[in-house]
Amino acid sequence: MDKSNQDTQNMKGQASCLILALLWVLHLASTIETSRVPKENPGKEIIQVGLVFSMNSTVGKMVESCISMAHSDFYGAHPGYRTRLSLLVRDPKDDVVGAALAVEDLMENEEVHAILGPQWSSQAKFVIDLGVKAQVPIISFSATSPSLSPTQSHYFVRTAYEDSLQVGALAAVVQAYDWREIALVYEDTEYGKGLVPYLGDAFQEVDARITYRSVIPPSPEDIDIVKELNKLLVMQTRVFLVHMTAVIGSRFFVLASEAGMVSEDFAWIVTDGLSSLLDPVSSKALDSMQGVVGVRPHLTPSESRRNFEERWTKLNAERNSQDEIADLSLFGLWSYDTVSALALAGEMVWKPEKSRYLKPNRSRNSLDFSSIGISEMGPKLLDKILSIKFQGLSGEFNLPDGQLQPIAFEIFNVVGQREEIIGYWTSARGLSPELNQSTKEEYTASANDLKPPTWPGNTLKPPKGWVMPISGKKLRIGVPLKDGFTEFFKIEWDPHTGVPSYSGFVHDMFRAVLDVLPFAIPYQYVPYVNESRQSAGTYDEMLYEIKLQKVNAVVGDTTIVANRSSYVDFTLPYSESGVAMIVAIKDDERRNMWIFLKPLSWNLWLTTGLAFIFTGSVVWLLEHRTNEEFRGRCSQQIGLSLWFSFSTLVFAHREKIANNLTRLVLTVWVFVVLILTQSYTASLTSFLTVQRLTPKFVEVEDLIRNHLFVGYQEGSFVRGLLVRQLNFNESRLIPYGSPEEYHEALSKGSENGGVAAIFDELPFIKIFLARYCNKYKMVGPTYKTDGFGFAFPLRSPLVSYISRAILNVTQDKAKMDAIEGNYFRSQSSCQDQDATIFSDNLSLSVYSFGGLFIITGIISVSSVLIYVVSFFYSHWPSLSTIRSATEHSSHHMDDHLLLAAIEPPADAAFAP
């Protein structure tokens, strides 16, 4: 019992605290206006519905008239319906807490079964939780912020278009004119902030981005808007997307026009919140919006809407002229359709016995919202209104996912006092000049899909979307300081004034590119040096200065490689490139005392020698029976046969030839000897007169395997390539800065404090080889890179313009020849290495003369066979007679015949 009393006392204390905490809002309750629109019909069943809206505003008065007409039109068309909506109005005066108190009052004291409103998204955000607690649907026809989701809050119904549904159309307009950077201007409200993440995602899909967000206070002074306009004015971006209500947006554009920002080179895009269809701006504001492009929902024309607009206009004209009211907008049409749908749903599901709330067993003195009961009819009304479909004033009333869905968006252009339609957008087909284009099947978004708009400044030329800032700042361009290879970029400081001057191929190339651009770019070079005027770091570090926003671009012999593209954007290359290896050349072979053996390979020397011996043996075999000069002692005959064959080299043989087969063999052999001697002479002449440049190393693997030192250009990305891609040990890498240092290092060699090879990019290698002709050679594979390019910040709009200008310059042969001739003319004076460099194995091989050796071998063997066959054929009868007459002395006779064959009579002659 004591504990119960203690709890009671605690509860009373908490209630007292809550009462004190809410005293500051009690005055709002006194400002809440209560009325019933229209009057109740005593013969009908009444459905209590709350309407929470700022009824004293111009928009509120317009909405009130539309709701009143909807109520009378619906029940006038259905007089036999048993139910009637009773609208209980609460005016929260645009206050968030006031809206929550109004809804709480309607639920707790009036036991309404549905809430129409509230007007603003910020109010609806608080009210939705009350609807969930009381199971009363919150039906809003004006809270369009995507931060409120019917799918996440089941008792929230949006009988309007969500703002995020228009971002596809906005992105398509940006894509159509190839804009890459957009500055977003929005009001700091739930309505303004809710669209920002959706815009970022939509622009990213079309390769654009929001570079700046300008936030306008909810209740701004003119000075607040002017400050933001000044920030926008000094930016490079010239495409501005404005997402505001008409109250703030009208003032914004008037001030922007006075600042000269609604003029040529500016592009202004507005969301549907600033269109005449949703929230019309004043006539003065419209004069300040000339050339503005915007999007708004498309409404299918209908006779019912035209009749309604005529009746509404007539009714408005009958009002007191001092009673200011907004023009009819889409919010009025949505409110009309919402009341019609709710009245129809109520007629279908209403049960009088469930018209009261189920109250919780709590004291009504408690001021927390837990005292609100639960509506039994709320869920039934919710389910029915979500399933209703009919053709309303604003189009088809259908609530998939708890909200209306537009069929298309219109792209409009402000010209004079009108919003002229220049095209349409649908999620399936993109942009199109007309809505019903059955021939279009694919999604497209280009300027050709829209009618030509009139841009700010009364021009038909689309803004490029950016300009150089008009704040007087120049484009800061970082440039490298090079100790060597100054043909590419050279910085010299005046000794008296300290003012730097610039020259080089890259400098001239950049100036030629700027001359081609259709606009001027003021710039200044910023040398990447330290206080001692020495290079401040590597090329990678210099490029990273762009990301750090210390410079706006980098112009130099910067190579386009993958890892750098993660923090900068490169233009198209203006020079080809690649990484290769240069090595020293071996000593001249002409100093070799055995160079006379070089023209023929060892296998050809051996084959030739065997051919001489074979030919001499064949000649002796064919001649020794009939030719006395080929007779004598055995040693004399061997020496004669060898002498005879070798003497044919100089055609010095004096021996007479008696056999025709021998003459045939010698004819072919002399031809072979002639070819061999002439080829030998030519090859030897080449060895003695043409310089041979043979590299010391050819394969990269040899350098790695032998742990030799290699060099690279200091500060270059080549070091990373050698370590990560070619697997060189970092301790074996030595940086050098100039061609002279390259020459000294290669001359010493890896064993004497130098290097075995230098790895560098092709343009630098060409300059080096031009200075040191025939001392070094480029060998091995070339590792591909994308060439030299200029670097800019990621997504910089300058990249596309500079790239197109580079193409114009590089494709102009006369201009390129003039630029290159200023710095690379000396390369032509150096003889082309390819004409003097040969491989190690240049000796003639046996394969080169295989055909000749085969021919002479066939002729020689054939001659020997013919000789043997002819010999046995001519001597066969005498051999048979002798064998039959003296069989007992056959062995003796065989020896005699063999001797006769070897030593024929002196007068014997053989003619084959």
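Tutor: Start with Ser142, which sits in the loop between strand 5 (138-140) and strand 6 (156-161). Keep in mind that the model is predicted.

Student: Why is Ser142 called buried?

Tutor: Its relative accessible area is 11%. Buried means under 20%. Ser142 is therefore buried.

Student: What does the side chain of Ser142 reach?

Tutor: The backbone oxygen of Pro118, at 3.5 Å. The cut-off for a polar contact is within 3.5 Å.

Student: Which residues does Ser142 touch, not counting those up to four places away in sequence?

Tutor: Phe53, Pro118, Gln119 and Phe331. Contact here means heavy atoms within 4.5 Å.

Student: Now Ile613. Where is Ile613 placed?

Tutor: In helix 17, residues 602-623.

Student: Why does Ile613 count as partly exposed?

Tutor: Ile613 has 41% relative accessibility. Buried is under 20% and exposed is over 50%. The value lies in between, so Ile613 is partly exposed.

Student: What makes the nonpolar surface patch that includes Ile613?

Tutor: Trp602, Leu606, Leu610 and Ile613 make it, with an area of about 470 Å². Patch residues need over 30% relative accessible area. Ile613, at 41%, therefore passes that cut-off.

Student: How much of the protein chain is buried?

Tutor: Buried residues make up 49% of its 912 residues. The chain has 28 helices and 31 strands.

Conventions: Residues are numbered from 1 along each chain as its sequence is written. This is a predicted model: local features need pLDDT of at least 70, side-chain atom pairs count only at pLDDT 80 or more; totals for chains, interfaces and linings use all residues. Side-chain values use heavy atoms; hydrogens and water are left out. Helices (H or I, at least four residues) and strands (E, at least two) are DSSP runs, numbered from the N terminus. Buried means under 20% relative accessible area, exposed over 50%, partly exposed in between (1.4 Å probe, protein chains only). A polar contact is a pair of N or O atoms within 3.5 Å; within protein, one must be able to donate a hydrogen and the other to accept it, and residues adjacent in sequence count only if both atoms are side-chain atoms. Patches are made of residues with over 30% relative accessible area and no salt bridge: like charges are joined within 9 Å, nonpolar side chains (Val, Leu, Ile, Met, Phe, Trp, Tyr) within 5 Å. Accessible areas come from the Shrake-Rupley method with a 1.4 Å probe; for residues, only the protein chains shown count as cover. A salt bridge is a side-chain nitrogen of Lys or Arg within 4 Å of a carboxyl oxygen of Asp or Glu.
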